Amino acid sequence: MLKELSILMLPFMLSCTTKQQEKSIEDLKLKDYRPVSVYNIQKTKIEKASFPVIDMHSHDYAENEKEIEEWVKTMDRMGIEKTIILTYQTGAGFDSAVQKYSAFPYRFELWCGLDYTGYNTDENWAENAMKELERCYSMGARGVGELGDKGEGLFYSKPVKAYGLHADDPALEPVWAKCAELDMPVNIHIAEPIWMYEAMDSTNDGLMNAYNWKIDLSKEGILDHAELIQTLENTVRNNPKTTFIACHFANCSYDLGILGNLLDKYPNLYADNSARYAETAPIPRHVKAFYEKYQNRIIYGTDMGMNEEMYKITFRILETLDEHFYESEQFGYHWALNGFGLSEETLRKVYKGNALQILKSD
């Protein structure tokens, strides 16, 4: 009798299960979406970069000497010869960073920030900033950055944020000239990816990451994406002796033609690819063509920590022709990624060759 009853109840039970599943799907949040590719296609396991690498965009992630030692071991396994630490720091903060990494002078190069102290009150602030720049140079700084402007002004350097001051301000021209005199390249972060400027709704295909980094254009005096790119162009054009690196592809992943136009016009401009692998991997053929065309002007960077898996995913995207794979631990988007399959010539230049031109190294 029980067996017969169970058989009779089966359709009802299945119906309840289906409804529960449907309800669960309705409650699924985008941040919890973790798709798994079912395609039976090429899956390449990358253990190390194909050619020697200089990571031109990293930060002071290590907490202590032991973590620095582990980082060096990871770099060895991954094929990273040198890492540029963009400290943001001036003054005592920069000196402390120099001391921290001093045990590995050939594996890490430290770049300093700019001291904006008094930028809106002291007419001599730029002169003081240049004196501090020279002092940081004497302490080992060989570049400046990462400087940053997301619309409100230059705010990445420490200890002072320069809200309202943009890179193309005439007051900064003597500072850029001093950078040229000292052979100190300038790494500058302009704007954010375009998804951060779009409506935070169902039409934004980068919503999951964009919401965390959205730009509030309602703030008084804030510059939009196009206006920020114009400040970058003005700065590079007006200071032709200074080498500038537009990090994160100048946040033009959505339209690399904007960056290409700048690279065509200004030989003192480079671009790094740091932290923009996920933004470019959905359109591999277009991006590969861009890399190949501008292979002499793009440099490798990470900006995503110091663990092995982080390095490996960048190598997989740059080197392989793998298609439709996901990486949710390193990136904040929900879309599938694809490899570019860059040529050996391009990889050698992006990984190291172009960096050596900037660093004036052999």
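Q: Is Y163 buried, partly exposed or exposed?

A: The model is a predicted one, in which local features need pLDDT of at least 70, side-chain atom pairs count only at pLDDT 80 or more, and totals for chains, interfaces and linings use all residues. Residues are numbered from 1 along each chain as its sequence is written, and side-chain values use heavy atoms, with hydrogens and water left out. Buried means under 20% relative accessible area, exposed over 50%, and partly exposed in between, for a 1.4 Å probe and protein chains only. Y163 has a relative accessible area of 41%, so Y163 is partly exposed.

Q: How is a pair of aromatic rings described?

A: By the distance of the centres and the angle of the planes. Rings of Phe, Tyr and Trp (its six-membered ring) pair if their centres lie within 6.5 Å; planes under 30 degrees apart count as stacked, over 60 as edge-to-face and the rest as tilted. The count by this rule is 19 aromatic pairs. One of them is F155 with Y163: the centres are 6.3 Å apart and the planes at 10°, so this pair is stacked. F155 is buried because its relative accessibility is 17%. Y333 and W335 are also stacked, because their centres are 4.4 Å apart and their planes are at 10°. Y333 and W335 are both buried.

Q: Which residues form one aromatic cluster?

A: The cluster consists of F249, F290, Y291, Y294 and F340.

Q: Where does K214 lie relative to Y211?

A: A charge sits over a ring if NZ of Lys or CZ of Arg is within 6 Å of the ring centre and within 35 degrees of the ring normal. K214 lies over the face of Y211, 3.7 Å from the ring centre. For R297 over the face of Y270, the distance to the ring centre is 5.9 Å.

Q: Why does R276 count as buried?

A: Its relative accessibility is 7%, so R276 counts as buried. The side chain of R276 has a polar contact of 2.8 Å with the side chain of N251. A polar contact is a pair of N or O atoms within 3.5 Å; within protein, one must be able to donate a hydrogen and the other to accept it, and residues adjacent in sequence count only if both atoms are side-chain atoms. Contact in general means heavy atoms within 4.5 Å. Beyond four places in sequence, the contacts of R276 include H189, E192 and F249.

Q: What does the side chain of K312 make a polar contact with?

A: The partner is the side chain of E47, at 3.1 Å. K312 is buried because its relative accessibility is 12%.
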